[in-house]
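Have a look at the coordinates before you read on.

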Amino acid sequence: MDWILLAELSANGVFVGLMYALVSLGIVLIYKTSGTANLAQGAIAMTGGYVTWALATLIGLPIWLAIPAALVAMFGFGLLMERIALRRMIGQPVIMTIMLTLGVEIMLRGLLPGVFGAAVKRLDIGMPQQPLFVGDLLINRATLIGGSISLLLIVLSLLFFNSRFGVVMRAVADDQTASWSVGIRVERAIAVAWGLAAVSATAAGVLWGSTQGIDWSLSLLLIKALAIAILGGLDSIPGVLVAGVIVGVAESLATGVLDPLVGGGSRDVVAAVIILVTLLLKPHGLFGRHHIERV
């Protein structure tokens with residue numbers, strides 16, 4: 001067995017997994033605050049990529065200005081989506097809210113390529129594409145940078161949840177009724193969670209778009225993000241980091257080890273297998289909390 005190859009696949013898988021985890025972060029933020037599973041996160045990442053490309057290419061903003069502008073615009077998009085669509089679902093069964101987010105995912109997946117064209121859009125944010133040699137290991141420089149940025153943003157989200165407003169959001173997640181009773185504006189906390197989820201998705205969309213281009217396929221990041229959120233625990237941000245690394249390394253090893261044996265395509269099965277096995281064996285994930293209700 002070529003241990004150098006396995007080490008190389010694992011190292012690259014870590015950084016790819018961190019980029020997946022940045023998409024999953026939005027799912028966890030929303031679930032922590034509102035208890036709703038957001039199935040629109042993949043299409044929101046795609047939308048953020050398209051918005052960044054449009055600001056840089058169609059409007060002509062420099063990329064260093066287009067990215068912050070896109071993040072601000074997508075934060076507003078998240079607030080608007082929560083206010084117009086999700087808030088109307090208060091009092092409805094949870095499954096209806098989940099189906100609404102899935103409907104948004106499907107709508108955006110068809111709308112954006114229809115508006116901007118189905119061809120892959122190139123987004124150059126200045127990340128070098130040349131590989132990096134670390135001893136005998138060949139590291140993809142673009143995923144190294146993208147994974148490092150993703151790690152930084154996820155760590156910042158952890159710090160945010162320890163801030164004053166972060167504590168408010170955690171209180172809302174623990175008990176919305178009690179939060180209302182002490183004067184916390186629950187709707188605002190949930191809206192901010194949707195805005196931050198859109199920001200994390202946009203950052204991931206920009207990073208992935210710079211490496212593979214921007215088209216409808218960016219929305220397929222939802223599958224990877226769901227696998228990470230379920231494995232790590234839907235209400236655990238540290239779980240996002242750990243599960244992201246696991247999923248990324250598993251996919252990378254499947255590509256390098258299993259593909260030569262089965263003829264390819266094993267990478268696309270990894271996320272589905274992780275979702276299935278986690279739900280069967282450990283439904284709350286590695287770090288998710290068990291919700292116990294007194295009867």
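Let me start with a question: is Arg109 buried, partly exposed or exposed?

1. Arg109, to settle that. Arg109 comes out as partly exposed, since its relative accessible area is 29%. Keep in mind throughout that we're looking at a predicted model. Arg109 is part of helix H4, which covers residues 94–116. Its side chain makes a polar contact of 2.9 Å with the side chain of Ser219. Beyond the residues within four places in sequence, the contacts of Arg109 are Ala43, Met46, Trp216, Ser219 and Leu220. Gly42 is 67 residues away along the chain from Arg109, yet the two C-alpha atoms are 8.8 Å apart.

2. Helix H2, from end to end. H2 runs over residues 41–58, 18 residues in total, and at 1.5 Å a residue that should give a span of 26 Å. The C-alpha atoms at its ends are 25 Å apart, so the model agrees with the expectation. Of those 18 residues, 14 are buried, so H2 is largely enclosed by the rest of the structure. After H2 comes Gly60, with a positive phi near 95°.

3. Gln41, a polar side chain in a buried spot. Gln41 sits in H2 and counts as buried because its relative accessibility is 0%, under the 20% cut-off. Leaving out residues up to four places away in sequence, Gln41 touches Val23, Gly26, Ile27, Glu105, Ala197, Ser200, Ala201 and Leu222.

4. The H1/H8 pair. The axes of H1 and H8 come within 8 Å and cross at roughly 170°. Anything over 145 degrees is treated as roughly antiparallel, so that is how these two helices are arranged. On the H1 side, the residues making the contact include Val16, Met19, Tyr20, Leu22 and Val23. On the H8 side, they include Ala189, Ile190, Ala193, Trp194 and Leu196. Val23 of H1 and Ala197 of H8 both belong to this contact, and both turn up again among the residues that Gln41 touches.

5. Helix H5 and its two sides. Which residues of H5 are buried? They are Ala142, Thr143, Gly146, Gly147, Ser150, Ile154 and Ser157. These cover an arc of only 115° around the axis, so they lie on the same side of H5. Leu152 and Leu159, on the other side of H5, are exposed. The buried residues pack against three helices: H1 (3–34), H8 (186–212) and H10 (237–262). At the N-terminal end, H5 is capped by Asn140, with a side-chain oxygen 3.0 Å from the backbone nitrogen of Ala142.

6. Ile154, a closer look at one of those residues. Ile154 lies in H5 and counts as buried, with a relative accessibility of 0%. Apart from residues up to four places away in sequence, Ile154 touches Leu18, Ala21, Leu22, Leu25, Ile237, Val240 and Leu241. Pro238 is 84 residues from Ile154 along the chain, with 8.6 Å between the C-alpha atoms.

7. Thr278, in helix H11. H11 covers residues 267–281, and Thr278 falls within it. At 7% relative accessibility, Thr278 counts as buried. A polar atom of its side chain lies 2.7 Å from the backbone oxygen of Ile274. Setting aside neighbours within four places in sequence, Thr278 is in contact with Ile230, Leu231, Pro283 and Gly285.

8. Val168, for contrast. Val168 belongs to helix H6, residues 164–174. Its relative accessibility is 21%, so Val168 counts as partly exposed. Val168 and Val120 are 48 residues apart in sequence, and their C-alpha atoms are 41 Å apart in space.

How values were computed: Residues are numbered from 1 along each chain as its sequence is written. This is a predicted model: local features need pLDDT of at least 70, side-chain atom pairs count only at pLDDT 80 or more; totals for chains, interfaces and linings use all residues. Side-chain values use heavy atoms; hydrogens and water are left out. Buried means under 20% relative accessible area, exposed over 50%, partly exposed in between (1.4 Å probe, protein chains only). Helices (H or I, at least four residues) and strands (E, at least two) are DSSP runs, numbered from the N terminus. The arc is that of the directions from the helix axis to the C-beta atoms. Contact means heavy atoms within 4.5 Å. A polar contact is a pair of N or O atoms within 3.5 Å; within protein, one must be able to donate a hydrogen and the other to accept it, and residues adjacent in sequence count only if both atoms are side-chain atoms. The expected span of a helix is 1.5 Å times one less than its number of residues. Axes are lines fitted to C-alpha atoms, for helices over the stretch in contact, and angles run from 0 to 180 degrees between N-to-C directions. Angles under 35 degrees count as roughly parallel, over 145 as roughly antiparallel, 65 to 115 as roughly perpendicular and the rest as oblique.
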